[in-house]
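Thanks for passing this one along.

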Amino acid sequence: MTRHHIVALTVAFAACTGLAAAAPVQAQAPAHAQPKQQPKQTQPKPVRWKSCVLGPGDRQGQELEAAGARCADVVVPLDYRRPHGRTIKIAISRIAATDRRHRVGVLLLNDGGPGGATLGSPPRVRAALKDVAARYDIIGMDPRFVGRSNPLDCRWPVGSGILSAGTSRAAFDRQVAFQKDLAAKCRTNAGDLLPHASTRNTARDMDVIRAALGERKLHYLGVSYGTYLGTVYTQMFPGRAGRVVLDGALDPRVYGPGMLPHLVDANEHALADWAAWTAARHDTYGLGRTGPEVVAAVTGVVEAAGRAPLTVGTGADTFRLDDTQVPFVLFGGLADDTDASRAGLASAVAALKAAADGRPPAPLPPDFVQLLRFAFTDADTAAGSAQMAILCADAAVPRDPEVYWRAVEAGRAAHPVLGPALNNINACAFWDAPRERPTQVRHDVPAMIVAATGDPRTVYPGSVALHDMLPSSRMVTLRGANTHGLYGFYGNACVDDAVTAYLGSGRLPRTDLTCDKQPAAGRQAAR
């Protein structure tokens, strides 16, 4: 696994998707919850820029400082229904435009999650934009309750609350109790913040930032969950969005409860492709000489973990994983189809298989240790807490565990590993109802939507659906790639050039574009 994807995994098991169990009927927020219009905001105070470095050990701050960035805090209401009440601070960073004569405006970034910090992202996006970067103030933001923005921490015993239902009813029943306890911990340790964690409130924060920066319009680059946030902003504040790029888009009608079961087909496809890649390297990983043999080995590892937890690693880096945890490793590793990511997943599964076979534990790769330490210890519980808080504030889910159990069993029949993982119950089943209904798309937006056909997280049909909902949008498709997050991450010149050209000129392509993962000759070509 690459460092980028380890970071993505440690933000969220589902890597920027709406996580919740499958359910035939979605519970609804109270009918009176959605305000008919946005609350009036007081004029925000001017932004006061300062050093991004918080102290000698602040690596992110030092990297931002080295890139020429400055940071600031923007004060926003905790509860927008009470604009003069309690406030919180939203941390932002800025690499200022250097070509002031041709300056376009501010480009606000969100790298996904929900619960993902984006304060440190301007240097990466500046590199991707090349010469166009000089014409933007590139703005990173840690959304409310994330990173430096009044972080929310439920003080869980684990870093992520997203787990599989396991291989048995007993494992599922343990999950029900576990998820109920996670919700209780959030209520105890962050109950005053939970009602205000919604995406709609983050969109309101974005508009305060726009006003504080003195901008008439907000240009935006959102990845994964960031595409949902961007869509919500354009619908809540029509006319205030400028150039908008939505990379790995979510269907806003699907985001939230019921999202994960929509990922089964894409992830089974990614699993088959990874298995074929791994089979061709059997001498390295020992997981099988054909794709089906590798998949059978994975299934066998999960079943073994259901009989007794598997012990992997050595010394202080020793972990015991059961059948609710092992699928986390598999699903997380399927987020990308680069050789580095595939090798990382193969190494992890090989270590798990060695444990299942009773072989003595060996030292684990550092990236695998990092993932396991985050996911299954209390070393860092803020990111997972914030993610769950945002998801549960955005939409309601059924509360009856039997709804989830039926979905788990139905999914298990066709997908023995991914079915129980993608249909499991989570803490939102024990959450208070959201204060607002999910946002509906009613306003057309001339956005650029970027998507890979095999995206295992924000699946391609979701991007197509959003494109259909926004008739003035244009779509850039990367054909043949099983990957998530493209611009500035994946290195496809065709995709990167299309996005950069749009952000530079403000002109969308006349028609949708299709790029190939593996071009016949050196440069990926648009079609």
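1. Some ground rules to begin with. A disulfide here is a pair of cysteine sulfur atoms within 2.5 Å. This is a predicted model, where local features need pLDDT of at least 70, side-chain atom pairs count only at pLDDT 80 or more, and totals for chains, interfaces and linings use all residues. Residues are numbered from 1 along each chain as its sequence is written, and side-chain values use heavy atoms, leaving out hydrogens and water.

2. Searching the whole structure turns up 4 disulfides. With the bonded cysteines numbered in sequence order, they pair 1-2, 3-4, 5-6, 7-8.

3. Take Cys392 and Cys428, whose sulfurs sit 2.0 Å apart. The torsion about their S-S bond is about -90°, so this disulfide is left-handed. Cys392 is in helix H13 (residues 382-394) and Cys428 in the loop between helix H15 (418-422) and strand E9 (448-452), 36 residues apart. (Helices, H or I of at least four residues, and strands, E of at least two, are DSSP runs numbered from the N terminus.) Both cysteines are buried, meaning under 20% relative accessible area with a 1.4 Å probe, protein chains only (exposed is over 50%, partly exposed in between).

4. Cys52 bonds to Cys71, S to S 2.1 Å. Here the S-S torsion is about 100°, so the link is right-handed. Cys52 lies in the loop between helix H1 (3-11) and helix H2 (59-66) and Cys71 in strand E1 (residues 70-77), so parts 19 residues apart in sequence are tied together. Cys52 is buried at 0% relative accessible area, and Cys71 is buried at 4%.

5. Cys154 and Cys186 form another disulfide, at 2.0 Å between sulfur atoms. This link is right-handed, with 100° about the S-S bond.
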